[in-house]
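Please open the structure in your viewer and keep the sequence beside it. The tour below tells you what to select at each stop and what you will find there.

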Amino acid sequence: MKPLTSIEDLREFVEQPGQHLLFKHSTTCPISAKAFEEFKSFVENTNASAAIVKVIENRDVSNQIAEDFDIKHESPQVFLLEDSQVTWNTSHWKITEKALKEVTSS
(Lines give C-alpha, C1' and ligand atoms only; values in the text may rest on other atoms or scores of the structure.)
Protein backbone atom coordinates (compact mmCIF):
# COMPACT_ATOMS: atom_id res chain seq x y z
CA MET A 1 0.00 0.00 0.00
CA LYS A 2 1.53 3.25 -1.16
CA PRO A 3 1.33 6.33 1.09
CA LEU A 4 0.43 9.45 -0.87
CA THR A 5 2.01 12.48 0.77
CA SER A 6 2.06 14.99 -2.08
CA ILE A 7 -0.16 16.08 -4.93
CA GLU A 8 2.48 14.70 -7.29
CA ASP A 9 2.20 11.27 -5.58
CA LEU A 10 -1.58 11.48 -6.00
CA ARG A 11 -1.37 12.35 -9.70
CA GLU A 12 1.07 9.49 -10.40
CA PHE A 13 -1.16 6.99 -8.57
CA VAL A 14 -4.40 8.13 -10.24
CA GLU A 15 -2.88 8.16 -13.73
CA GLN A 16 -1.87 4.49 -13.61
CA PRO A 17 -3.93 2.31 -15.93
CA GLY A 18 -6.18 -0.35 -14.47
CA GLN A 19 -8.03 -0.72 -11.20
CA HIS A 20 -6.78 0.78 -7.92
CA LEU A 21 -8.11 1.56 -4.47
CA LEU A 22 -7.55 4.84 -2.67
CA PHE A 23 -8.21 5.13 1.07
CA LYS A 24 -8.56 8.40 3.00
CA HIS A 25 -7.72 7.77 6.65
CA SER A 26 -8.07 9.90 9.76
CA THR A 27 -5.43 8.74 12.24
CA THR A 28 -7.45 10.17 15.15
CA CYS A 29 -10.82 8.54 14.42
CA PRO A 30 -11.81 5.11 15.78
CA ILE A 31 -14.26 4.56 12.90
CA SER A 32 -11.42 5.22 10.47
CA ALA A 33 -9.18 2.80 12.38
CA LYS A 34 -11.76 0.02 11.97
CA ALA A 35 -12.31 0.83 8.29
CA PHE A 36 -8.53 0.80 7.76
CA GLU A 37 -8.34 -2.70 9.29
CA GLU A 38 -10.95 -3.90 6.78
CA PHE A 39 -9.21 -2.13 3.89
CA LYS A 40 -5.75 -3.40 4.87
CA SER A 41 -7.03 -6.97 5.22
CA PHE A 42 -8.61 -6.83 1.76
CA VAL A 43 -5.44 -5.43 0.16
CA GLU A 44 -3.21 -8.01 1.85
CA ASN A 45 -5.50 -10.92 0.92
CA THR A 46 -5.91 -9.88 -2.73
CA ASN A 47 -2.68 -8.02 -3.45
CA ALA A 48 -4.82 -5.20 -4.83
CA SER A 49 -3.18 -2.00 -6.02
CA ALA A 50 -3.85 0.49 -3.23
CA ALA A 51 -2.80 3.79 -1.73
CA ILE A 52 -3.54 5.66 1.47
CA VAL A 53 -3.82 9.34 2.29
CA LYS A 54 -3.67 10.37 5.95
CA VAL A 55 -6.11 13.26 5.89
CA ILE A 56 -4.79 15.22 8.88
CA GLU A 57 -1.12 14.88 8.00
CA ASN A 58 -1.68 15.45 4.26
CA ARG A 59 -4.69 17.75 4.15
CA ASP A 60 -3.66 19.28 0.80
CA VAL A 61 -3.70 15.84 -0.84
CA SER A 62 -7.05 14.99 0.78
CA ASN A 63 -8.55 18.27 -0.41
CA GLN A 64 -7.19 17.70 -3.92
CA ILE A 65 -8.98 14.33 -4.09
CA ALA A 66 -12.31 15.97 -3.23
CA GLU A 67 -11.67 18.68 -5.82
CA ASP A 68 -10.41 16.41 -8.61
CA PHE A 69 -13.28 13.93 -8.35
CA ASP A 70 -15.98 16.37 -7.20
CA ILE A 71 -16.84 14.06 -4.29
CA LYS A 72 -17.45 15.54 -0.85
CA HIS A 73 -14.66 14.78 1.62
CA GLU A 74 -15.36 12.22 4.29
CA SER A 75 -13.06 10.12 6.38
CA PRO A 76 -12.69 7.32 6.34
CA GLN A 77 -13.45 7.13 2.65
CA VAL A 78 -12.49 4.70 -0.10
CA PHE A 79 -12.49 5.15 -3.87
CA LEU A 80 -12.28 2.57 -6.62
CA LEU A 81 -10.37 4.04 -9.55
CA GLU A 82 -10.52 2.49 -12.99
CA ASP A 83 -8.34 4.09 -15.63
CA SER A 84 -8.12 7.37 -13.66
CA GLN A 85 -11.88 7.64 -13.00
CA VAL A 86 -13.75 7.01 -9.76
CA THR A 87 -16.25 4.23 -10.44
CA TRP A 88 -17.31 3.66 -6.82
CA ASN A 89 -16.80 5.21 -3.42
CA THR A 90 -18.10 4.81 0.10
CA SER A 91 -17.30 5.89 3.61
CA HIS A 92 -17.42 5.11 7.32
CA TRP A 93 -18.96 1.79 8.40
CA LYS A 94 -19.70 0.81 4.78
CA ILE A 95 -15.97 0.21 4.23
CA THR A 96 -15.73 -3.55 4.72
CA GLU A 97 -13.66 -6.31 3.22
CA LYS A 98 -16.89 -7.81 1.85
CA ALA A 99 -17.91 -4.54 0.13
CA LEU A 100 -14.45 -4.21 -1.42
CA LYS A 101 -14.61 -7.78 -2.73
CA GLU A 102 -18.00 -7.09 -4.33
CA VAL A 103 -16.85 -4.01 -6.26
CA THR A 104 -13.42 -5.12 -7.45
CA SER A 105 -12.42 -7.72 -9.96
CA SER A 106 -10.05 -9.33 -7.43
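**First stop: helix 1**

Select helix 1 (7-14), whose buried residues are covered by elements including strand 1 (2-3), strand 2, strand 3, helix 3 and strand 4. Before going further, note that this is a predicted model, in which local features need pLDDT of at least 70 and side-chain atom pairs count only at pLDDT 80 or more, while totals for chains, interfaces and linings use all residues. Residues are numbered from 1 along each chain as its sequence is written, and side-chain values use heavy atoms, with hydrogens and water left out. The helices (H or I, at least four residues) and strands (E, at least two) are DSSP runs numbered from the N terminus.

Now colour D9, L10, F13 and V14, the buried residues of helix 1; buried means under 20% relative accessible area, exposed over 50%, and partly exposed in between, with a 1.4 Å probe and protein chains only. These residues are on the same side of helix 1, because they cover an arc of only 125° around the axis, where the arc is that of the directions from the helix axis to the C-beta atoms.

Next, show the strands: five of them form an open sheet in the order 1-3-2-4-5, with mixed pairing. Strand 1 and strand 5 are the edge strands, each pairing on one side only, and two strands count as paired if DSSP finds at least two bridges between them. Strand 1 and strand 3 run parallel and are joined by two bridges; to see one of the residue pairs, select K2 together with its bridge partner A51 in strand 3.

**A buried lysine**

Move to K24, which lies in strand 2 (residues 19-25). Which side chain of opposite charge is nearest to K24? It is that of E74, 9.0 Å away, and K24 is buried yet has no salt bridge (a side-chain nitrogen of Lys or Arg within 4 Å of a carboxyl oxygen of Asp or Glu); Lys and Arg count as positive and Asp and Glu as negative, while His and the chain ends are not counted. A polar contact of 2.9 Å does join the side chains of K24 and H73 (a polar contact is a pair of N or O atoms within 3.5 Å; within protein, one must be able to donate a hydrogen and the other to accept it, and residues adjacent in sequence count only if both atoms are side-chain atoms). The backbone oxygen of S62 also lies 3.3 Å from a polar atom of the K24 side chain.

Follow the chain into the loop between helix 3 and strand 4, where you will find D70. D70 has a positive phi of about 55° although it is not a glycine, and at 72% relative accessibility D70 counts as exposed. Most residues other than glycine have a negative phi, and most peptide bonds are trans.

**Last stop: F39**

Finally, select F39 in helix 2 (residues 30-46). Is F39 buried or exposed? F39 is buried, with a relative accessible area of 0%, and the residues that F39 touches include M1, L21, V78 and L100, contact meaning heavy atoms within 4.5 Å.

Methods:
Lists of a residue's contacts leave out its neighbours within four places in sequence.
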